[in-house]
Amino acid sequence: MKKVFQNTSEVVHVFAQQTQSEGRNQSGSIYFEENRIYSYGSHYLLGEFINSETIIINDFGYSVTTSKHINELINATSQHNQFYTSSIDIKYIETEIKAFLKCLTNARKPEIYISNITKLESNLSKWVDYCKENKVTHKYKVKKSDYKYKKILKIANSLLTREALEKIKAKGKKDAIKQKAKDKRELKIKLDKFNTYKIDRFKIGKFDYLRLSQNGKFVETSQNIRIEKSEAKKLYFAIKKKVDIRGQRIGYYTVNKIDNKALTVGCHKICIKSVQKVGQILISE
């Protein structure tokens, strides 16, 4: 069993599969043991699977590098239920809401702070429901009967007037339109850089992308994961022949599904056009 991996991306993706008990990168700056993964030592628990389908990610980053580890773990475990410490730590949430309420007093655009408060409450409520439904025993467990939770719920509900709700919805729609246009521009730039080997990873929108490695030995993903060319070629032949590939293994990963939009392998949702483009290169060699 391989225990030392090429880079951080491989470590977090193998951890996300939960198919082996330990692993680390070459420098040891990120490693996992059983259901827990650490950044720069046991003092910083980066993430913890509380069951086979759910992970708690510690998003209280201390450094630039640890913040990168957090983002990589978020992407690598996107196929699982994800909860973040900033969304389930009730003491932290209580402090944040107090700060937003203070800002709300003289705010020119109160809907911004109201939106922040209700978002905190909404995420916490999802966690509370999850704890109850799944009988969670974790240290961050929050019950519906918890006094602090009831207080947070009361504050959020009191702020959601019809006027505030309409402003929040309008702002949400406006922001979504702006983000979609921005993503479209950024995607073209990042894809060009990825395909010319100027960057090794990027994440924009819901899809991932493929390229052939510079040495021609691997197929690489935009999440910085490498697969042996021979394995990728074999899988593409199966796709071309319309074989049911669900459940097939490729490297450390399992194929979940394929449709006319994407090939889903673990956390990767690979754009089908990218699959076809690289696949045609593989079978033409």
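A: **Helix packing and strand pairing**

The axes of helix H1 (residues 8-17) and helix H2 (residues 64-76) come within 9 Å and cross at roughly 40°. Here axes are lines fitted to C-alpha atoms, for helices over the stretch in contact, and angles run from 0 to 180 degrees between N-to-C directions. That angle makes H1 oblique to H2, since angles under 35 degrees count as roughly parallel, over 145 as roughly antiparallel, 65 to 115 as roughly perpendicular and the rest as oblique. The crossing of H1 and H2 is right-handed; a crossing is left-handed if the near helix is turned anticlockwise from the far one by less than a right angle, and right-handed if clockwise. On the H1 side the contact (heavy atoms within 4.5 Å) is made by Thr8, Ser9, Val12, His13, Phe15 and Ala16, and on the H2 side by His69, Glu72, Leu73 and Ala76. By class, this contact of H1 with H2 has five nonpolar, four polar and one charged residues. Ala, Val, Leu, Ile, Met, Phe, Trp, Tyr, Cys and Pro count as nonpolar, Asp, Glu, Lys and Arg as charged, and the others, Gly among them, as polar.

The model is predicted: local features need pLDDT of at least 70 and side-chain atom pairs count only at pLDDT 80 or more, while totals for chains, interfaces and linings use all residues. Residues are numbered from 1 along each chain as its sequence is written, and side-chain values use heavy atoms, with hydrogens and water left out.

The second pair is helix H4 (residues 90-104) and helix H6 (residues 147-159), whose axes come within 11 Å and cross at roughly 30°. H4 and H6 are therefore roughly parallel to each other, and their crossing is left-handed. Ile90, Lys91, Ile93, Glu94, Ile97, Leu101 and Leu104 of H4 meet Lys148, Tyr149, Ile152, Ile155 and Leu159 of H6. The contact of H4 with H6 divides into nine nonpolar, no polar and three charged residues.

Now the strands. Helices (H or I, at least four residues) and strands (E, at least two) are DSSP runs, numbered from the N terminus. Strand S4 (residues 36-39) and strand S5 (residues 45-51) run antiparallel and are joined by three bridges; two strands pair if DSSP finds at least two bridges between them. Isoleucine 37 stands opposite glycine 47 in S5. S4 and S5 form a hairpin with five residues between them, and tyrosine 40 in the turn has a positive phi of about 55°. S5 also pairs with strand S6 (residues 54-57), in the antiparallel sense over four bridges. Phenylalanine 49 has isoleucine 55 in S6 as its bridge partner, and two residues lie between S5 and S6 in their hairpin.
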